[in-house]
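Please look over the sequence and the fold before reading on.

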Amino acid sequence: MMQQHAQPPVPPSQTLYINNLNEKVKLEELKKSLYAIFSQFGEILEIVAAKNLKARGQAFVVFKDVNSASNALRSMQGFPFYEKPMRINYAKKKSDAVAKLDGSYVAKDHAKKGAKDKRKAPEQGGDAKRVAEQVPPMMGMMMGMPPPGMAPPAAVVPPPRPGPPAPPQRDGSEVPHKILFLQNLPQETTKMMLNMLFEQFPGFKETRPVPGRHDIAFVEFTTDNLASQAKQALNHFKITPTNDMQISFANK
């Protein structure tokens with residue numbers, strides 16, 4: 001009988017391969033939510049996902065350095081993301097964004113590859129590059145800049161449109177309180193995104209968005225002390241490059 005040899009473990013890399021993602025979540029919301037929970041571990045170069053049938057439930061998160069990716073893998077393995085535990089591994093091959101960063105990128109002749117690659121599903125045996133051929137890099141949208149060495153076309157990263165004047169911010173309190181007051185939240189913030197950020201901390205009870213106001217919300221913990229720990233960890237956390245979340249204690 002032939003012996004089956006276990007495959008060697010994939011060595012640590014800057015790119016994480018994530019599967020078992022909730023397929024019902026819209027693609028853009030999925031990318032923004034992944035950015036929100038993974039950017040706490042370090043700078044993200046791009047987030048890649050596709051909406052075709054065989055690629056659903058999968059994504060690649062590319063960090064600038066290996067340590068950030070390793071910390072994210074250890075901390076977020078099995079994390080309940082949209083009610084499904086994430087399965088995270090290191091990607092087997094280097095992404096284009098990383099190759100361009102370290103100078104090892106070599107342009108491929110896509111014409112020779114033809115339609116064959118287009119029919120392939122982005123599996124764990126592939127890499128972020130194959131998926132990126134179908135979906136524009138997230139860095140232009142999330143980080144406000146193209147992948148290193150590449151200028152995105154205008155159709156990929158539209159120029160920012162001026163929004164309405166920001167409403168006046170109300171002042172919170174610095175007296176410890178079990179309820180936190182969040183300000184300067186981006187328009188795309190959802191209750192689910194806030195839950196995923198704050199439920200990592202002990203004592204979390206619930207988030208309470210304010211009807212008609214996307215830029216503020218309240219988060220409740222079981223005790224003042226546990227709320228203080230979450231405030232210290234996430235105050236000034238950048239949900240997007242232009243939105244520095246401000247956290248204070250709610251007024252008693």
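The text below turns to a sheet with its helices, and then to a group of salt bridges.

The model is predicted, and it contains an open sheet of four strands, which pair in the antiparallel sense in the order β2-β3-β1-β6. The edges of this sheet are formed by β2 (44–48) and β6 (87–90), each of which pairs on one side only, while the twist from one strand to the next averages 20°. Between β2 and β3 (residues 58–63) the antiparallel pairing runs over four bridges, and F60 in β3 is the bridge partner of V48.

Two helices lie across strands of the sheet. Helix α1 (residues 27–38) lies across β1 (15–19), β2, β3 and β6, and runs at about 145° to β2, whereas helix α2 (residues 66–76) lies across β1, β3 and β6, running at about 155° to β6.

In the whole structure, a search finds seven salt bridges. The table lists those that involve E220 with K178, K205 and R208.

| Salt bridge | N to O distance |
|---|---|
| E220 and K178 | 3.8 Å |
| K205 and E220 | 3.5 Å |
| E220 and R208 | 2.7 Å |

E220 counts as buried, at 9% relative accessibility, while K178 is partly exposed at 31%, as are K205 at 48% and R208 at 29%. Together with E206, these residues are linked in a network of salt bridges.

Key:
Residues are numbered from 1 along each chain as its sequence is written. This is a predicted model: local features need pLDDT of at least 70, side-chain atom pairs count only at pLDDT 80 or more; totals for chains, interfaces and linings use all residues. Side-chain values use heavy atoms; hydrogens and water are left out. Two strands pair if DSSP finds at least two bridges between them. Axes are lines fitted to C-alpha atoms, for helices over the stretch in contact, and angles run from 0 to 180 degrees between N-to-C directions. Contact means heavy atoms within 4.5 Å. A salt bridge is a side-chain nitrogen of Lys or Arg within 4 Å of a carboxyl oxygen of Asp or Glu. Buried means under 20% relative accessible area, exposed over 50%, partly exposed in between (1.4 Å probe, protein chains only).
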